[in-house]
Amino acid sequence: MSNIQITENESGKYSPEWFYTESQTPEWIAFAHKADELRENFINLFGIERLKSLSGRNLLTSLFYNDEGNKTNLCYMLEMDKDIRELFGGISGGSAYKFGLFYHKKNQSWTCGSPLRPIHLTEEEAIQKAEEIRNDLIEGAEIISSFGPLNSEEDYEQLYKQLGHISGINMVWRMKYYQMLFPILFAPFYGQDIQLDVLHFLNQTPSEIPFIRMGQIALFSKKCNIPGIVFGHIWGRSTNHNNKSNDSETNTLSDKKHKLHYWMYTVFDDTSWMECQQKEIMVLGMDDIGDYSQYDSKESLRQELISTYDNSTSRKNQALMAWNFANTVAVNDVIFAKRSNTLV
């Protein structure tokens, strides 16, 4: 376990005591009250008991982007609601496929799968898929609520082991959902870049697992004796992580503030290479191992690649590509596809 320490200057700036003192101004007290009100409203709409009560088409339109134009659904609220984005951080980017199910307006059908391999569903099939996703959310929440106190990084690791069988537990929308339900246990930081920024600031060794990194940050805000949402915004304002523009939708926790990265990867076959060129998309292949985001480490990805294909190579490079694709590559990053040492 990493010690929860932070480099302090002579005045004690950025110590837990400093964060606590900062949080006691009328501005931050009012901010915390507003966050509590928003969270209470969110739980009334999408808390566990509410989710258990949903069925049929009502389940579809209450949880997922849908054909009714209903903005009071779980996916829209987590991703697009202005107040929730500003206070609790953004998770936008990618496409609606990341939620596991949505209504495809162009094709006029409920859809899951991926942009490369969309699966169009009947409404009956979509309801069954929605029930699976809803049941996963409920099971995860019940495991978290019954786990007991989370007072150390080891506690979060043990919790994660109990959650490991739930597909996509590290997906940002699910992490944000659990943060809204359990604000003391999880810090409102969902993307890899910002999680690493905060943990490096705290002089901690980041876990490889996004879900656990939320817990590492929450342990520090708990030591500060302030809500994680308040810690996050004070941290952003004090360390110049706030966006300085007039864009009211951008804040210290927002996914809009993203450092541009450049990536190069190898395309392994002619068919994929032509698809990259024609559609301007990134094609990795390795489809037989399923959704890359279900794996909790590069090593587990590597072992699955060896098991699924063969052990003629270490599969380290392929595992790294798949891991970065699922956890690091972001909207607006620049991707170079390499066919050989000379063809890019």
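Me: What is the relative accessibility of Arg57?
Reply: This is a predicted model, in which local features need pLDDT of at least 70 and side-chain atom pairs count only at pLDDT 80 or more, while totals for chains, interfaces and linings use all residues. Residues are numbered from 1 along each chain as its sequence is written, and side-chain values use heavy atoms, with hydrogens and water left out. Buried means under 20% relative accessible area, exposed over 50% and partly exposed in between (1.4 Å probe, protein chains only). Arg57 counts as partly exposed, its relative accessibility being 25%.

Me: Which residue forms a salt bridge with Arg57 at 2.9 Å?
Reply: A salt bridge is a side-chain nitrogen of Lys or Arg within 4 Å of a carboxyl oxygen of Asp or Glu. The partner lies in helix α7 (residues 123–147) and Arg57 in helix α4 (residues 56–63), so the pair ties together parts that are 66 residues apart in sequence. Helices (H or I, at least four residues) and strands (E, at least two) are DSSP runs, numbered from the N terminus. With the closest N and O atoms 2.9 Å apart, the partner of Arg57 is Glu123.

Me: How many salt bridges does the count come to?
Reply: One of them joins Glu299 to Arg302, with the closest N and O atoms 3.0 Å apart. Both residues lie in helix α14 (residues 298–308), three residues apart, about one turn of the helix. Glu299 is partly exposed at 41% relative accessibility, whereas Arg302 is buried at 17%. The count of salt bridges comes to 12.

Me: Which helix gives the most to the lining of the second largest pocket?
Reply: A pocket is an open set of points on a 1 Å grid over the protein atoms alone, where a 1.4 Å probe fits, with protein on both sides within 12 Å along at least five of seven lines; lining residues have an atom within 4 Å of a point. This one has a volume of about 390 Å³, and of its 21 lining residues the closest to the centre are Ala32, Ile226, Pro227, Gly228 and Val230. α2 (26–46), α11 (210–224) and α12 (228–238) each supply at least two lining residues. The one that gives the most, with seven residues, is α2.

Me: What is the phi of Gln108, which is not a glycine?
Reply: Gln108 sits in the loop between β1 (102–104) and β2 (109–113). Gln108 is exposed, with a relative accessible area of 61%. Its phi is positive, at about 55°.

Me: Where is Asn203 found?
Reply: Asn203 has a positive phi of about 60° although it is not a glycine. Its relative accessible area of 45% makes Asn203 partly exposed. Asn203 is found in the loop between α10 (192–201) and α11.

Notes
Grid points are joined across faces, edges and corners, and a volume is the space filled by probe spheres set on the points.
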